[in-house]
Amino acid sequence: MMASIKQQWFSNVRADILSGMTVALALIPEALAFSIIAGVDPMVGLYASFCMAIVIAFTGGRPAMISAATGAMSLLMITLVKDHGIEYLFAATVLTGIIQILLGVLKVGRFLSFLPQTVMIGFVNALGILIFTAQLPHFQGANWMMYAMVAGTLLIVYLFPLMTKAIPSPLVAIVFHLDLKTVGDMGNITRSLPVLHFPKVDLSVETLLIILPYSLPLAIVGLLESMLTATVLDEITDTPSNKNKEARGQGIANIVTGFFGGMAGCAMIGQSMINVKSGGRGRLSTLVAGVFLLFLIMVLGDVVKQIPMAALVGVMFMVAAGTFDWQSLKDLTKYPLSDAIVMVVTVVIVLFTHNLALGVMVGIVLSTIVFGWKMAKIKTTSQIEGNMKQYRVSGQLFFATISFFMDEFQYETDPDTIIIDFSSSHIWDQSAVIGISKIIDKYERLNKKVIVKGLNEDSKKIVRQIGITSLSNK
């Protein structure tokens with residue numbers, strides 16, 4: 001227990017502190033932008049980012065992952081805020097957390113194992129493109145100094161590590177600035193602490209019916225993005241994460257956020273990538289990100305307002321390039337056509353809707369259809385030896401293949417003894433068992449003997465469970 005705490009919290013102290021400080025600086029413009037999208041005061045996004053980062057550092061299942069206000073979540077809040085006001089948003093945030101805790105208890109994290117790799121690659125690539133395109137509006141009306149500073153930032157980010165890795169290069173890049181558009185131009189930052197605030201809504205069924213249609217998709221989208229981000233970080237850092245604990249942790253963080261005047265949030269892959277690319281590996285980096293964010297707001301508010309957006313844009317360009325899976329472009333022609341289509345469709349859906357969760361869901365549905373199509377193929381070969389005919393079955397027997405399977409048999413013209421060999425097949429459901437029993441019954445009505453062989457243990461088990469006599473006795 002103590003060894004685990006030391007590993008997750010204090011095994012990488014210096015790098016975690018510096019990377020957390022870097023992330024805190026990058027969180028501010030994002031939180032302001034997402035607040036504007038949701039139609040709430042900029043401080044609501046900042047409070048959400050502070051609360052989420054602090055709480056998830058202790059309750060999350062993926063060390064070094066950063067949770068805060070996000071774009072995908074803010075898009076789902078627009079109508080609620082517009083029609084019912086900010087207090088209902090706070091209530092919806094609390095309910096979102098409760099739903100996520102319940103999903104965590106139900107071990108929803110295990111379902112991430114059903115996520116196809118092609119969808120995962122599509123998600124990562126779409127995210128890299130979105131991070132890049134999200135920076136382009138900052139160039140509107142910009143002069144040559146903006147372009148020069150972005151280029152200078154990228155040079156610092158990539159060249160500074162050649163001299164020393166003691167300080168994260170993105171943090172160094174943010175320090176340098178010129179007379180350009182600043183963070184303060186994006187929204188008003190006030191020096192006020194978040195305080196405990198119970199949403200001013202009626203505790204009634206009517207209120208529940210108003211916020212539930214928003215809280216449920218918020219909970220699902222939040223968990224989906226968090227689980228995907230955790231999986232990406234697992235691969236980058238070559239360390240495991242507890243997805244079910246992360247689901248519960250996200251829920252706890254959102255409940256706290258809702259009671260401290262923040263909007264619902266989830267894991268941010270952009271800021272999480274900044275964290276790990278800057279050397280962050282432990283929970284301390286996430287905690288520092290939250291604490292330093294509050295410090296920036298409360299103590300250095302005037303200084304933070306002067307940070308040039310060009311420096312942050314340059315850092316985010318670095319994140320976008322690091323997020324995109326460039327190898328997938330080289331390998332695209334090597335993929336099976338169906339896999340390539342799934343990956344491309346996932347990217348296109350995300351780019352057109354700016355909804356990462358929708359793109360992933362469409363990708364999963366397409367992958368499921370492709371898998372079902374491939375599974376729904378059954379092959380039967382036969383050979384006659386004297387007064388006996390043997391059918392060899394290859395493929396999966398379930399509701400989608402059983403009717404084709406039944407049509408393969410020549411009931412009237414077959415000899416008196418029939419052997420059906422299932423050595424290369426598997427019986428999956430009741431439809432398959434009943435279909436096979438009908439085949440046997442048809443032969444037996446013609447006074448022909450059927451011998452069934454090669455059933456594996458799982459197939460025998462489902463036959464016994466369903467209790468079809470004609471097949472159970474074979």
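Residues are called buried under 20% relative accessible area, exposed over 50%, and partly exposed in between (1.4 Å probe, protein chains only). The structure is a predicted model; local features need pLDDT of at least 70, side-chain atom pairs count only at pLDDT 80 or more, and totals for chains, interfaces and linings use all residues. Numbering runs from 1 along each chain as its sequence is written, and side-chain values use heavy atoms, with hydrogens and water left out.

D238 has a phi of about 55°. This residue sits in the loop between α10 and α11 (243-259); helices (H or I, at least four residues) and strands (E, at least two) are DSSP runs, numbered from the N terminus. D238 is exposed, at 69% relative accessible area. For A64, phi is about 75°. A64 belongs to the loop between α3 (42-59) and β1 (67-68). With 2% relative accessibility, A64 is buried.

Helix α10 (residues 205-237) gives the largest share, four residues, of a nonpolar patch. The patch covers about 380 Å² of surface and is made by L208, L212, L216, I220 and M361. Patch residues have over 30% relative accessible area and no salt bridge; nonpolar side chains (Val, Leu, Ile, Met, Phe, Trp, Tyr) are joined within 5 Å, like charges within 9 Å. A salt bridge is a side-chain nitrogen of Lys or Arg within 4 Å of a carboxyl oxygen of Asp or Glu. Areas come from the Shrake-Rupley method with a 1.4 Å probe; for residues, only the protein chains shown count as cover. I220 lies in helix α10 and is partly exposed, at 36%.

Strand β5 (residues 417-427) pairs with β6 in the parallel sense, over five bridges. Pairing requires at least two DSSP bridges between the strands. I418 stands opposite V450 in β6. Strand β6 (residues 449-453) has V450 and V452 on its covered face, and K449, I451 and K453 on the uncovered one. In a regular strand, side chains alternate between the two faces of the sheet.

Eleven aromatic pairs were found in the whole structure. Rings of Phe, Tyr and Trp (its six-membered ring) pair if their centres lie within 6.5 Å; planes under 30 degrees apart are stacked, over 60 edge-to-face, and the rest tilted. F398 and F399 form an edge-to-face pair, with 5.2 Å between centres and 90° between planes. F398 is buried, at 12%, whereas F399 is exposed, at 59%. Ring pairs also link Y391, F405, F409, Y411, F422 and Y443 into a cluster.
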